[in-house]
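This report goes through selected local features of a predicted model. The sequence and coordinates follow.

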Amino acid sequence: MPEKEMKHIEGILKEEDITLIEPDEEEAYRKIEACQNCGLCLAFCPILEVLPHESYSGPRSITSELSRTVREFWKAKDVVYYCTLCGRCQEICSKNVPVPRAVTLIRAKLFKQRRDLVPKSFETMLESLHEHGLAFEPAAEDERVERAKGRLEMLGLPYVPDRVESNAEVLYFPGCQADILLPEIRESAKLVLEKLGADYTLLPGLKCCGLPSVLMGDSEMADELEKDFLEKVKNLGVKTVVTTCAGCTATLEGIRQRNDADFMVKHVIEYIVEDVGKEKFRELFGDHPGRVTVTLHAPCHLDRHVGKYTTDYAEEILEMLPGVEFRRLEDPERCCGAGGLLNLYNPRVSRAIVRKEIEDIQRSGAQTVVTPCPLCLVQIDQALFKKKAKQEALDYTVFLAKRLYGA
Amino acid sequence: MRADVLVIGAGAAGLTAARKAAEKGLSVLVVEKGSGATIQSSGAIDVVGYLLPDCMFASASQGVRTLASVYRRHPYSIIGGGWETEPEVRAQRSEKLVREALRDFVDAMRSAGVGVLGSLDENILVTNFVGTFKLTSFCLSTIYNGNLKNLEGSSVVFVGVKGFPEYDPKFCADSFRHTTSCLRTEPKSVDHAYLDIPGLEGRSDILQVEIARRMDDPEMLRRIGENLQRIVGTAEYIALPTAGFVSPEENIRTLEEVTGATVFELPSFPPSVPGYRLVKGLEKASQSAGVSVKRGYKVVAANCDDTVKSVRVEVGRKTFEIEADTFVLATGGFLGGGLREEGDFLRESIFNLPVYSGDGANLEETYLVRLLSQEVFPGCGHELFSSGIRVNENLQPVSDGGEPVYSNLYAAGSIISGYNYMTEKSGMGVALTTGYLAGLNAASQV
């Protein structure tokens, strides 16, 4: 089409507030259309389980009604921000309808066309992402190292300086949470990788994986972060990107698949089982003086967004550690309630969901609950603290480091 | 990954097969892609109800005996020992197996905390969501008291919730009056009422799930009880649209104490809370027996020579091979996903086993559309729903000549051809009995 006509059409579209559907969106819409409206998902939705709000109509309405009346997508504002993107609805759906994808599609549209409807509670994170490319305001380097050392001391773990190498095989990608809020996870990952003798490097100028931007609907920012990540990994020439965050793993894997990139994305759990080998990993553990009963909270972003096998891996590792007695939760795949930024949008509902999880943890009789996701960890840790529970919550990687280093 | 027995499908048939094999001390793994048809069922456990649309069996045991002695390709006939066996012997054997399987099911559900009531020797007609009845042999105990025999000569009130569009108690009461007068089982009085449920007032899009969740909350239940007492008057029976997800039996007891009436829930269409509880009960029973149930594991291919060596499973972004000594195929029929359309034809999804019509015709070259009737609800049902794979008396899938396709593969549930569970009302009975038998057979071959 000649440029002049094209410009004219674009002008009309803009005037009428019409946005064209991108090819990958179209594919998603097709999958969403497969919804038969049966409503089975309603029985599995963690939000509906805690009866939060008079206007939450559940996953079925997101796919069957909202996605089919694209023009009136904005009506979905009361529904889509409640979704934690746990993906349980998609998992039990006989048509495998991608409800989480429908949610992020609608959130992106709201962000683009009805910015006034985007929750105000997202603002701080939005600003931080636009300013620093990180979900949280970063600290100065020396301050960061001091904090990290302090946390390590409390945990009884040694500090090793950051490795930044050019021709490493593995890139360790801590993500915003472990880099800024929970530095002990980042440091523990380094300790584990050191013990494994891995040829790894950290990434100077780390930026967010893009998940928070996707969740807020800021797809332009997400695209920008995606480009940045791809370029950096390409320059480094690493074969594998190892993470300690469930959300980062799922998001970076999405980036890798979309761009058909020639590196692998693995959570440290996958790296241990697939690249190191369970037997070899087991040999690294000496006799730890402390015996502990442990249970696992499987994060949605690993269990369902990456694959159920990650939960199998996580359990298999815990089961073979010396001095560790593993106990499975009644419902090991329950959502913690923090996903999808629900913890920002509606903390009350978010907390009501995690209370169910806490009851399950307490019933298990385990002393420690571990989870390979910083977001789940904070949610569970705070809820345990509030309930004055005697159980402790630890990040999975931190737990491994503690067992490896006798702490 | 490895297991002694690998079961594909976590519906009624698959979970039963897995439990039976695990009870023999074997390591058993169930893989399930998402969910099938069982979870959408109403909460009634039918065994067999009708020979033809207007021809009701006096009882399920009579039905099983009749089908076993008369119909060559019906699963109830096949499990009785094949066509060479004397019809009477076949009928006896089949009935014995069905009895064993159903007794086993009721016991297993009880130990999982889910009450099931009923009998093979007497039909029960339970009142449903639209005021007609569902013919069945067993049902969840929460539904049982709504059977027409109980309600005859009594006062009944259908209680709905304003703003819950799927269930209209007035329509249900009217329809119930009509149904019972046709059957000459009239109750003393039929009434309807609307219940206020705290937190749902003023809504017009209430979900059954939301009502059920509120029933499970002790404080909410107390308030629901108070509201219920106010509206039901002196009715002897109260019909509710749902009794809850987690503790329906206790919830009903609580409401009965408050109202002094007998309370029951109505079997509903999907999304069915009783159907959900049924599957959860089966799942819990199999897990207590040591079965590992894996959801989100989709079997995409099989590696076979004259036996099945392993299956290829897609789990999120990865694929794995799972090896086992024996395999049970319990993937369901066309609705459950065990059969699928492939280039206009009906095909078995995983092993590409030969597919037959209910009359035993090989469907390799038959267009799928030919298996559908032009009517929406044809009296004898669509042929598509009685199509599936053929099995021998050990429940091994067979080819045209009657030889097992793979010696270590067994099948259970609606993947098997030769019956139409929709018109016969035999879905759960066949699933539970073939699951029971397939599990035992698969275990004995390890």
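Lys425(B) sits in the loop that joins helix H12 (421-424) to H13 of chain B; helices (H or I, at least four residues) and strands (E, at least two) are DSSP runs, numbered from the N terminus. Lys425(B) is not a glycine, yet has a positive phi of about 60°. Its relative accessibility is 27%, so Lys425(B) counts as partly exposed; buried means under 20% relative accessible area, exposed over 50%, and partly exposed in between (1.4 Å probe, protein chains only). Most residues other than glycine have a negative phi. Arg184(B), also not a glycine, has a positive phi of about 55°. Arg184(B) belongs to the loop between H7 and strand E11 (189-195) of chain B, and its relative accessible area of 69% makes it exposed.

The model is predicted: local features need pLDDT of at least 70, side-chain atom pairs count only at pLDDT 80 or more, and totals for chains, interfaces and linings use all residues. Residues are numbered from 1 along each chain as its sequence is written, chains are lettered from A and ligands numbered from 1 in the order in which they are written, and side-chain values use heavy atoms, with hydrogens and water left out.

Helix H13 (residues 427-444) of chain B contains Tyr436(B), which is buried at 9% relative accessibility. Beyond its neighbours within four places in sequence, Tyr436(B) is in contact (heavy atoms within 4.5 Å) with Thr16(B), Lys20(B), Leu97(B), Glu100(B), Ala101(B) and Asp104(B). The C-alpha atoms of Tyr436(B) and Glu100(B) are 8.8 Å apart, although 336 residues separate the two along the chain.

Two helix pairs can be described in the same terms. Two packed helices are described by the angle between their axes and the distance between the axes. Axes are lines fitted to C-alpha atoms, for helices over the stretch in contact, and angles run from 0 to 180 degrees between N-to-C directions. Helix H4 (residues 87-111) of chain B packs against H13(B) at an angle of about 95°, with the axes 9 Å apart. H4(B) is therefore roughly perpendicular to H13(B); angles under 35 degrees count as roughly parallel, over 145 as roughly antiparallel, 65 to 115 as roughly perpendicular and the rest as oblique. On the H4(B) side the contact involves Leu97(B), Val98(B), Glu100(B), Ala101(B), Leu102(B), Asp104(B) and Phe105(B), and on the H13(B) side Leu432(B), Thr433(B), Tyr436(B) and Leu437(B). Eight of these residues are nonpolar, one is polar and two are charged; Ala, Val, Leu, Ile, Met, Phe, Trp, Tyr, Cys and Pro count as nonpolar, Asp, Glu, Lys and Arg as charged, and the others, Gly among them, as polar.

In chain A, the axes of helix H20 (residues 347-364) and helix H21 (residues 374-386) come within 9 Å and cross at roughly 75°. H20(A) and H21(A) are therefore roughly perpendicular to each other. H20(A) contributes Ser350(A), Arg351(A), Val354(A), Glu357(A), Ile358(A) and Ile361(A), which meet Gln379(A), Ile380(A), Ala383(A), Leu384(A) and Lys386(A) of H21(A). This contact has six nonpolar, two polar and three charged residues.

Over all chains there are 14 aromatic pairs. Rings of Phe, Tyr and Trp (its six-membered ring) pair if their centres lie within 6.5 Å; planes under 30 degrees apart count as stacked, over 60 as edge-to-face and the rest as tilted.

| Pair | Centre to centre | Angle between planes | Class |
|---|---|---|---|
| Phe129(B) and Tyr167(B) | 5.0 Å | 40° | tilted |
| Phe158(B) and Phe176(B) | 5.1 Å | 65° | edge-to-face |

Phe129(B) lies in the loop between strand E7 (124-127) and strand E8 (133-136), and Tyr167(B) in the loop between strand E10 (155-161) and helix H7 (169-183), 38 residues apart. Both Phe129(B) and Tyr167(B) are buried. Phe158(B) is in strand E10 and Phe176(B) in helix H7, so this pair ties together parts 18 residues apart in sequence. Phe158(B) and Phe176(B) are both buried.

Phe176(B) is also one of the contacts of Leu148(B), among them Leu125(B), Thr127(B) and Phe133(B). Leu148(B) lies in helix H6 (residues 148-151) of chain B and is buried, with a relative accessible area of 4%.
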